[in-house]
Amino acid sequence: MLRIAVPNKGSLSGPAGEMLHEAGYQQRRESKELRIVDPVNEVEFFYLRPRDIAIYVSSGRLDIGITGRDLLVDSGADAEEILPLGFARSTFRFAAKPGTATGIEDLKGRTVATSYEGIVAGHLAEHGVDASVVHLDGAVETAIELGVAEVIADVVETGTSLRNAGLEVFGEPIMKSEAVVIRRTGADAEEPKVQQFLRRLQGVLVARTYVMMDYDCRVEQLEKAVALTPGLESPTVSPLHNEGWVAVRAMVPSKEAQRIMDDLYDIGARAILTTAIHACRL
């Protein structure tokens, strides 16, 4: 039975549960549940603190897990990312009072407060900057005002909290994070149950990103039309009863669907969006 770690709370928890449900897996009904078994799919889910998931997976006690890329890197655990999931995106950046610094080179000899000591220390070392790192749990925006540090490093989503604290980001992003599937470093990449799990999640990602488009066009315009709708691999093209016309079916990115329909209209094609893709397996 495949043993999978899932975030039990925070911004990762809800979207992770929704994705797993869309992938056909049973999920917990109450937030207090710490473990459930899905006998149909031969999977056992463990609901753990997001910060602890990489540690559990690296120990080999759990096969795979869902956590944040930032939490994986910060943990220093012997685990690796195997699939990005596209939700809980954020950027990890330095911030300080306006005019304090413009780049990482300005941090030499200064103190940086963060909840992600592993990420910050590694980033500073990578750039050859000698600075002190103070670990704080929870919000770090007040660290500068209270004199604990001169700079902070934190996850930035909208930047509202930083602006409210009179801070501004500076320099290049330290890293970009999102939810990811992880496994123990060196674990069997071809294990059948793991591959099945990844295929299901990849199917959900495709279903969320694409819609199916059908359109008719003249044969002489087919190459132009197909260039607009290449699909994931190749569109389906079928001859119509009316000579000189073909029917085309292709998956197109949902965010670009209306623009593509306009472009098809310009070359004389008649297009409709038939449906979103609810069950796509790669």
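Me: Which residues form one aromatic cluster?
Reply: This is a predicted model. One aromatic cluster takes in three rings named here: Tyr25, Phe45 and Phe197.

Me: How many aromatic pairs are there, and how is the pair of Tyr25 and Phe197 classed?
Reply: The count of aromatic pairs is four. The ring centres of Tyr25 and Phe197 lie 5.5 Å apart, with the planes at 50°.

Me: Are Tyr25 and Phe197 buried or exposed?
Reply: Tyr25 has a relative accessible area of 3%. For Phe197 the value is 0%. Buried means under 20%, so Tyr25 is buried, and Phe197 is buried.

Me: Which residue has its charged end over the ring of Tyr25?
Reply: The charged end sits 4.7 Å from the ring centre of Tyr25. It belongs to Arg200.

Me: How is the pair of Phe92 and Tyr116 classed?
Reply: The centres of these two rings, Phe92 and Tyr116, are 5.0 Å apart. Their planes stand at 75°. Over 60 degrees is the edge-to-face class, so Phe92 and Tyr116 are edge-to-face.

Me: Which residue lies over the face of Tyr116, and is Tyr116 itself buried or exposed?
Reply: Tyr116 has 12% relative accessibility and counts as buried. At 4.6 Å from its ring centre, over the face, lies Arg51.

Me: What arc do the buried residues of H1 cover?
Reply: Ser13, Ala16, Gly17, Met19 and Leu20 are buried in H1. They lie on the same side of H1, because their arc around the axis is only 165°.

Me: Which exposed residues does H1 carry on the face turned away from its buried side?
Reply: The buried residues of H1 pack against strand E1 (2-7), strand E3 (43-48), strand E4 (64-68) and H6. The face turned away from that buried side carries exposed residues. They are Glu18 and His21.

Me: Which strands stand at the edges of the six-strand sheet?
Reply: This open sheet has the order E2-E3-E1-E4-E11-E5, with mixed pairing. Each edge strand has a single partner strand, so one side of each lacks a neighbour in the sheet. The edge strands are E2 and strand E5 (79-84).

Me: At about what angle does H6 run to E5?
Reply: H1 packs on the sheet too, touching E1, E3 and E4, and makes about 140° with the direction of E1. H6 lies across E1, E4, E5 and E11. Its angle to E5 is about 40°.

Me: Which are the edge strands of the five-strand sheet?
Reply: The open sheet runs E8-E7-E9-E6-E10, and the pairing is mixed. Each edge strand pairs on one side only. They are strand E8 (132-135) and strand E10 (168-177).

Me: What is the bridge partner of Phe94 in E10?
Reply: E6 and E10 run antiparallel, joined by six bridges. In E10, the partner of Phe94 is Phe170.

Terms used
Residues are numbered from 1 along each chain as its sequence is written. This is a predicted model: local features need pLDDT of at least 70, side-chain atom pairs count only at pLDDT 80 or more; totals for chains, interfaces and linings use all residues. Side-chain values use heavy atoms; hydrogens and water are left out. Rings of Phe, Tyr and Trp (its six-membered ring) pair if their centres lie within 6.5 Å; planes under 30 degrees apart count as stacked, over 60 as edge-to-face and the rest as tilted. Buried means under 20% relative accessible area, exposed over 50%, partly exposed in between (1.4 Å probe, protein chains only). A charge sits over a ring if NZ of Lys or CZ of Arg is within 6 Å of the ring centre and within 35 degrees of the ring normal. Helices (H or I, at least four residues) and strands (E, at least two) are DSSP runs, numbered from the N terminus. The arc is that of the directions from the helix axis to the C-beta atoms. Contact means heavy atoms within 4.5 Å. Two strands pair if DSSP finds at least two bridges between them. Axes are lines fitted to C-alpha atoms, for helices over the stretch in contact, and angles run from 0 to 180 degrees between N-to-C directions.
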